[in-house]
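This report covers a helix pair and a set of salt bridges. The sequence and the structure are shown first.

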Amino acid sequence: MATGTSANGQPQRLYLLMGMLCFWVLAIAGRLVQLQVVEYGEFAQRAQRQQQRTIEVAPKRGVIYDRNGQELAMSVRVDSVFAVPSEIPDQATAASLLANVLGTDSEDILTRLKSSRAFCWIARKLDAPTADRIRALNLRGIYFQKESKRFYPNRELAAQALGYVGLDDEGLGGIERSYDAKLRGAPGKMLISLDARRRWFGRVEREPEPGQSLVLTLDEKIQYIAERELEAAMQQTHAEAGTIIVQDPHTGEILALASRPTFNPNTFQKAQPEALKNRAVSDVYEPGSTFKIVTLAAALEEKLAQPDEVIDCQMGSITLSGVRIRDHKAFGMLTVPQILIYSSDVGAIKLGLRLGEERFDRYIRAFGFGSQTGVELPGETRGLARPVNRWSKVSIGAISMGQEIGISPVQLVSMVSTIANDGVRMPPRLVRDVAAPGTPLQNVSFQPAGGRRVISTLTAAEMKKAMQRVVLEGTGRRAILDGYTVGGKTGTAQKIDPATRSYSRWKHVASFAGFAPVNNPAITVAVILDSPVGLHEGGQVSAPVFQRVTQQVLAYLNVPHDVEPRSVRNRELLQAAAKVDDAEVAEGSPDRLGWDLPQAETQPAPQTQVATAPAKDANAQLLPAAVHTAQALPPVAPPLQAPAAPSSNGTVVLDVEKGVVVPSLIGKPLREAIELAQESGIELEVMGSGVARAQAPPPGTRIPAGSRVAVRFAR
């Protein structure tokens with residue numbers, strides 16, 4: 001009986017064992033199917049993330065050349081450091097050693113090491129000494145990869161025009177930003193893999209394509225001349241900022257664009273924000289008397305004035321809609337060119353009234369004001385030119401003499417180039433051509449954009465003659481050149497004081513713009529100095545800078561002389577004409593018409609529109625004014641008869657009847673001395689720099705308000 005039971009149980013156990021074996025095989029097979037088929041994609045992605053990483057290989061950025069093929073910006077191969085964290089045995093120690101060399105926080109490096117097993121950047125685009133120091137550490141898991149780094153061989157030269165690039169070779173300013181897509185090229189791909197022994201292998205999957213190159217209109221030599229003279233002017237005048245633009249008036253090509261303060265694009269991270277600003281295209285300022293070029297050109301073009309016509313400037317005073325404006329000198333009868341030569345505000349206002357609002361605004365727009373010039377630089381402003389329906393009753397008078405309108409330096413040089421180019425306005429350009437990699441520069445050519453006629457050739461010729469006389473007889477005599485005829489116009493404008501939000505009595509923008517030679521201009525040059533200290537008018541501080549730049553550039557370009565003095569005596573007379581007293585080239589008016597620029601932009605349209613003025617200036621109420629004889633200021637102000645002891649605490653004591661007491665300026669730095677002089681109502685004649693060592697007249701002397709005190713500074 002027992003034997004039968006045992007015999008029947010063996011097959012059952014065998015079947016059970018076979019069933020369990022089959023179930024186990026099916027379970028394993030099912031799991032394998034799940035892993036190898038169903039979830040294969042997910043696990044493959046996990047493995048790829050752990051063992052592989054694809055990184056972009058930056059392409060070689062295109063070269064930027066000047067017009068003569070000189071390299072202004074290029075890319076060089078430098079070392080970048082990356083890590084394979086899984087290979088680093090002691091990440092904390094490695095992070096500390098790397099941080100000491102790089103001068104960074106070790107915790108930041110350690111965080112990056114722990115965030116990935118296959119790859120992380122440690123530092124990119126290092127200089128050679130730093131890379132050598134890291135290589136000397138011989139750390140396991142630390143490797144080097146060659147990358148392209150932007151390099152500017154001339155450092156600060158044309159920094160604002162060229163711009164700069166970020167860590168990922170992205171253009172962040174200037175031409176580098178405007179043409180980033182063409183300069184950058186197409187990035188490649190590099191695959192980094194990690195094997196079972198945690199060793200990395202890298203291969204390039206796609207080669208990077210280099211970017212295209214740019215040929216600019218800039219001339220490296222002319223750019224250097226402009227920047228050198230601008231730097232000298234900044235030191236001499238202690239201005240806050242400055243701009244010089246040199247342009248070919250016939251093609252619109254910008255040959256130099258200098259701006260101060262500046263920066264080194266190789267280390268742009270260390271630069272102040274103000275230094276990164278391209279003032280040539282982004283600054284907006286009131287042009288002052290340089291805008292009288294537009295007023296006179298429009299009046300002559302419309303036949304509302306004749307070159308030989310005499311205008312009554314009413315001894316330098318005019319009242320417009322109840323607002324009185326005075327000239328800097330008591331001018332009587334002036335011809336139309338003399339209004340420009342001697343920079344008469346009254347004469348300009350009368351011509352503006354003849355034009356009328358609609359006609360005047362049409363010429364303002366035709367000269368390019370109120371719109372972008374189209375120059376290939378980012379951040380260009382349109383300026384501030386309000387439509388006619390937002391003009392006030394005195395706007396036409398204010399704009400006629402360069403107030404209540406905002407322009408940029410590039411708009412100024414474009415306007416003067418229009419006169420130099422016989423009335424045809426050529427859009428300013430900074431890029432000659434875009435060249436593919438490997439293209440010979442000899443094949444690069446510049447095709448200027450089509451010009452647009454603004455005024456007739458005859459009107460432009462009359463304006464050229466008037467602007468030449470500005471230099472020979474008027475406020476621009478310090479711009480006289482040796483061997484060349486020159487035409488130009490000075491300008492002085494008040495600035496807005498951020499503290500009071502009104503026009504400052506002490507801060508001005510001094511400008512001079514002109515061209516040479518007069519009959520066949522080779523170049524146009526504009527010089528703008530922002531807030532010069534002491535002498536602050538365009539004819540005093542900007543015209544001499546124009547003279548130095550233009551003289552050197554014409555010689556560099558081998559422009560033939562068009563003035564050959566027949567004798568030494570003639571040459572001496574011409575040079576003597578340039579040596580004039582400061583008062584003889586002054587032009588600033590003590591009065592203002594209309595709103596300041598911020599107000600002008602926010603004021604609503606007036607309730608009653610001003611009708612277009614007739615041919616004669618009947619809208620102006622003409623009042624006689626007392627004659628003020630303008631004389632050159634003496635080097636040292638003459639003391640009055642009643643001297644007063646200086647205040648012990650340095651406070652300036654004013655006597656309305658007898659003048660002002662000269663404060664003690666000895667021992668004070670330049671800026672503090674200027675502020676004290678402004679508070680006391682006297683002008684300062686600055687000699688040298690540093691700390692005040694001597695002054696004349698001495699402290700305590702009573703002198704007329706507004707007189708000049710000479711102070712010698714030394715370090």
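## Glu 302 and Arg 362

Glu 302 counts as partly exposed, at 23% relative accessibility (buried means under 20% relative accessible area, exposed over 50%, partly exposed in between, with a 1.4 Å probe and protein chains only). Glu 302 and Arg 362 form a salt bridge whose closest N and O atoms are 3.7 Å apart; the term denotes a side-chain nitrogen of Lys or Arg within 4 Å of a carboxyl oxygen of Asp or Glu. This pair links distant parts of the chain, 60 residues apart: Glu 302 lies in the loop between H12 and strand S13 (310–312), and Arg 362 in helix H15 (residues 357–366). Helices (H or I, at least four residues) and strands (E, at least two) are DSSP runs, numbered from the N terminus.

## Basis of the model

The model is predicted: local features need pLDDT of at least 70 and side-chain atom pairs count only at pLDDT 80 or more, while totals for chains, interfaces and linings use all residues. Residues are numbered from 1 along each chain as its sequence is written, and side-chain values use heavy atoms, with hydrogens and water left out.

## Other salt bridges

The count by this rule is 32 salt bridges. One of them joins the side chains of Glu 473 and Arg 469 at 3.0 Å, N to O. Because these residues are four apart in helix H18 (residues 457–473), about one helical turn separates them. Glu 473 is partly exposed, with a relative accessible area of 30%, and Arg 469 is partly exposed at 28% relative accessibility.

The side chains of Glu 220 and Lys 221 also meet in a salt bridge (3.8 Å, N to O). Here Glu 220 is buried, at 14% relative accessible area, whereas Lys 221 is partly exposed at 43%. A network of salt bridges links Arg 61, Arg 150, Glu 176, Asp 180 and Arg 184.

## Packing of H12 and H14

The axes of helix H12 (residues 292–301) and helix H14 (residues 345–355) come within 9 Å and cross at roughly 45°. Axes are lines fitted to C-alpha atoms, for helices over the stretch in contact, and angles run from 0 to 180 degrees between N-to-C directions. H12 is therefore oblique to H14 (under 35 degrees counts as roughly parallel, over 145 as roughly antiparallel, 65 to 115 as roughly perpendicular and the rest as oblique).

In the contact (heavy atoms within 4.5 Å), Lys 292, Thr 295, Leu 296, Ala 298 and Ala 299 of H12 meet Asp 345, Ala 348, Leu 351, Gly 352 and Leu 355 of H14.
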